[in-house]
Amino acid sequence: MKYLLGIDSGGTFTKAGLYDVEGREIATAQESIDVIFPAEGMNERDAGQLKQATYRVIKQVLGQSDIDSKDIAGISPTGQGNGLYLFDKNGGPAHNPIMSGDIRAKEYVKKWKADGLVESVFMPKTFQDIWSGQPVALLAWLRDHDPQALERSAYAVTCKDYLRYLLTGEFFTEITESTGWSLMDIRKGDYDDELFESVGLAPYRHLFPPVRQSAEICGTVTRQAAEITGLAEGTPVMGGMFDIAACPLGTGVLDSSKMGVVAGSWSINGYIDKQPSSDIMLSIRYFDPDYYFLSENSATSATNLEWFVNRLMHKEREEATATGRNIYESANTMVGSVSTHDCSLLFLPFLFGTNASIDAKSAFIGLSGIHTREHMLRAVYEGVVFSHQYHLEKLYKVKPKHTFDAIRISGGATRSALWVQMFADITGLPIDVSASEELGILGSAICAGIGSGLYNDAKEAAGKFVKIEKTIYPDKNMTGFYSEKYALYKKVLASLDSVWPEFGSLFSVDKA
């Protein structure tokens with residue numbers, strides 16, 4: 001029997017999963033990764049911690065499965081896309097890896113938009129809006145604020161590419177992710193010198209490694225990595241995928257009839273089509289070379305719940321630990337104890353980013369003395385789904401809602417049946433829930449299987465791996481009220497749009 005290994009490092013966890021060739025899950029493991037906040041708006045992680053966690057979860061999976069690692073036919077990584085990971089010529093970190101929710105470079109984005117560069121130079125080639133967590137913006141910020149880090153650097157990559165390097169000792173990037181950096185002509189699938197030059201980044205073009213295809217072999221497991229993890233030396237490692245492409249692939253998004261939604265660290269919402277579009281936030285190349293993945297995304301999803309639990313539910317966390325209960329089960333119980341009709345409260349889920357004004361902050365709107373943590377928690381759940389719906393409405397302007405027959409959902413929110421029902425009620429579309437919870441790992445395993453020659457294409461592989469456990473349909477009695485509540489949410493966003501720049505100016509780091 002042959003096996004496939006997928007690796008996934010998101011915003012909070014690094015995971016590994018092993019599957020057999022029939023798509024059966026053999027073992028999974030995960031380890032949390034700390035987020036470092038050096039200053040307001042900055043999100044980083046420790047490369048050493050990520051390295052050790054990656055090796056450990058692989059070793060744990062192999063230990064749980066008790067298979068001969070020589071029977072693993074291929075390995076493929078995925079991870080949180082964008083951000084910026086800089087390494088020296090020996091593979092050591094030249095700077096803490098910067099995560100995609102980082103907004104330190106937002107003033108550069110504002111300037112480039114005001115100067116017309118984004119619309120006139122970037123969009124015709126990249127088919128994407130620039131945001132502050134992309135390599136193009138972060139590189140410009142480092143050039144002006146920490147040039148020594150760039151002088152130390154030999155490679156500029158993102159998370160998935162580092163995972164692959166840890167196993168192979170070789171730096172590459174691949175097509176689904178690199179076409180999301182605003183540094184490429186995505187039709188050509190390669191870096192574009194004009195884009196680098198237009199924002200003064202031509203001296204750093206050499207830092208970016210060659211581009212490979214998702215299922216292309218990009219090295220093999222080294223002796224050192226084999227000794228650390230228990231993998232067999234020489235096992236092929238594929239290019240892998242941007243996580244916003246891996247998760248839809250893992251749910252079986254193979255044509256334009258399904259909308260893919262990832263409710264995890266980021267709110268990812270998109271579909272595949274034969275042509276890119278400059279009318280939405282982001283178009284990238286998809287795993288299938290005949291398609292592009294068109295998406296609307298922001299760091300406004302389930303990590304808002306994690307923040308609430310960590311900051312405001314200490315007692316419940318202690319009780320859950322003492323009784324062996326999952327703290328998120330306690331959260332679901334609390335949310336379920338309050339009806340949305342009785343929750344006269346809105347939450348703007350912008351703790352780590354925004355899909356409204358570039359300066360917008362998170363907020364509870366309508367908070368009064370009658371409200372409890374249960375009300376606030378329900379508002380967090382609803383606010384996250386409203387943020388997804390805000391993205392979906394932009395996508396519907398390009399491809400109408402009626403052309404989709406379902407949403408294929410993945411990410412941490414799928415562990416909550418209550419939350420999934422909210423997605424159905426607020427979006428008004430059936431929600432297909434996969435039998436597997438780890439769709440990023442699953443999509444990576446599919447990629448590994450195709451790259452190792454076990455399957456001819458994604459359709460054949462998905463036939464083995466993709467299993468829809470249930471479909472959740474909208475409750476028509478709830479959809480109408482949620483529609484009114486969502487309309488109010490949008491009015492609040494619009495009314496605060498002019499406030500946020502002033503708010504940011506008053507409480508800026510420089511003024512402090």
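How many helices and strands does the secondary structure of the chain come to? In this predicted model, in which residues are numbered from 1 along each chain as its sequence is written, local features need pLDDT of at least 70 and side-chain atom pairs count only at pLDDT 80 or more, whereas totals for chains, interfaces and linings use all residues. Side-chain values use heavy atoms, with hydrogens and water left out. The secondary structure comes to 19 helices and 22 strands, where helices (H or I, at least four residues) and strands (E, at least two) are DSSP runs numbered from the N terminus. The radius of gyration of the chain, taken over C-alpha atoms, is 22 Å, close to the 24 Å that the globule rule (2.2 Å times the number of residues to the power 0.38) gives for 512 residues, so the chain is as compact as a globular protein of that length. Buried residues (under 20% relative accessible area, with exposed over 50% and partly exposed in between, for a 1.4 Å probe and protein chains only) make up 61% of the 512 residues.

Helix α11 (residues 303–312) contributes Thr303, Asn304, Leu305, Phe308 and Val309 as buried residues. The buried residues of α11 pack against several elements, including α12 (314–323), α13 (327–336) and α14 (373–396) as well as the strands β18 (346–348) and β19 (363–365).

By the rule that a side-chain nitrogen of Lys or Arg lies within 4 Å of a carboxyl oxygen of Asp or Glu, the count comes to 30 salt bridges. One of these joins glutamate 31 and arginine 56 at 2.6 Å, N to O; the pair links distant parts of the chain, with glutamate 31 in strand β3 (residues 25–32) and arginine 56 in helix α1 (residues 47–65), 25 residues apart. Glutamate 31 is buried at a relative accessible area of 19%, whereas arginine 56 is partly exposed at 38%.

Lysine 258 forms a salt bridge with aspartate 405, the closest N and O atoms being 3.2 Å apart. Because lysine 258 lies in strand β14 (residues 258–263) and aspartate 405 in the loop between α14 and β20 (406–410), the pair ties together parts that are 147 residues apart in sequence. Lysine 258 counts as buried at 15% relative accessibility, and aspartate 405 as partly exposed at 43%.

In the salt bridge between aspartate 432 and arginine 408, the closest N and O atoms are 2.8 Å apart. Aspartate 432 is buried at 7% relative accessibility, and arginine 408 is buried at 13%. A network of salt bridges links Lys160, Asp161, Arg164, Glu174 and Glu177.

Definitions and conventions:
Contact = heavy atoms within 4.5 Å.
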